[in-house]
Amino acid sequence: QVQLVESGGGLVQAGESLRLSCAASGRSLDTYVMGWFRQAPGKEREFVASIVWSGGYTNYADSVKGRFTISRDTAENTVYLQMNSLKPEDTALYYCAAKHWGLLAFGSWGQGTQVTVSS
């Protein structure tokens, strides 16, 4: 099991930027895919971005393409989500998640960090 701790959320105005961090521990991530998800009030949790730890291949939701960038620091065992040009509709609780690349579902989750974008 991978333990995940997110940080970096906050309150910003539309158009500004934030960088979320997710510190991972517990096991090697060499065979893992790391992801960011978000859940807005009254809505279901949705996929934001993912990165294959070994190789760095990335995938994004259409709603964030061109604005958000997922990356990882293999030395620090940390995943980042750089969020630029934030919009009020990006307001949500953001979760970091991990899964073995052979599995369909993400099985390890962080506690979440709140991002609020004011208009």
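## Sheet, loop and cores in a predicted model

Let's start with a strand pair: β3 (residues 18–25) runs antiparallel to β8 (residues 78–83), and six bridges link them. Within this pairing, S21 sits opposite Y80 in β8. Keep in mind that what you're looking at is a predicted model.

Zooming out, β3 and β8 belong to an open sheet of four strands, ordered β1-β3-β8-β7 with antiparallel pairing. The edges are taken by β1 (3–7) and β7 (68–73); each has a single partner strand, so one side of each has no neighbour in the sheet. On average, neighbouring strands here are turned by 20 degrees against each other, ignoring direction.

Here are the strands with residue ranges, side by side:

| Strand | Residues |
|---|---|
| β1 | 3–7 |
| β3 | 18–25 |
| β7 | 68–73 |
| β8 | 78–83 |

Next, a loop. P41 lies between β4 (32–39) and β5 (46–52). Is P41 buried or exposed? P41 is exposed, because its relative accessible area is 73%, and the cut-off for exposed is over 50%. The C-alpha atom of P41 is 7.1 Å from that of A92, although the two residues are 51 apart along the chain.

Now for the inside. The largest nonpolar core has 31 residues, and the ones touching the most other members are M34, W36, L81, M83 and Y94. Two or more residues each come from β3, β4, β5, β7, β8, β9 (92–100) and β11 (113–118). Another core, of five residues, lies apart from that one and includes V33, V52, A97 and F106.

How values were computed: Residues numbered from 1 in each chain as written. Predicted model: local features only at pLDDT ≥ 70, side-chain atom pairs only at ≥ 80, totals over all residues. Heavy atoms only, no water. Pairing = 2+ DSSP bridges. Axes fitted to C-alpha atoms, helices over the stretch in contact; angles between N-to-C directions. Buried < 20%, exposed > 50% of the residue type's maximum accessible area, 1.4 Å probe, protein only. Core = buried A, V, L, I, M, F, W, Y, C linked by side-chain atoms within 4.5 Å.
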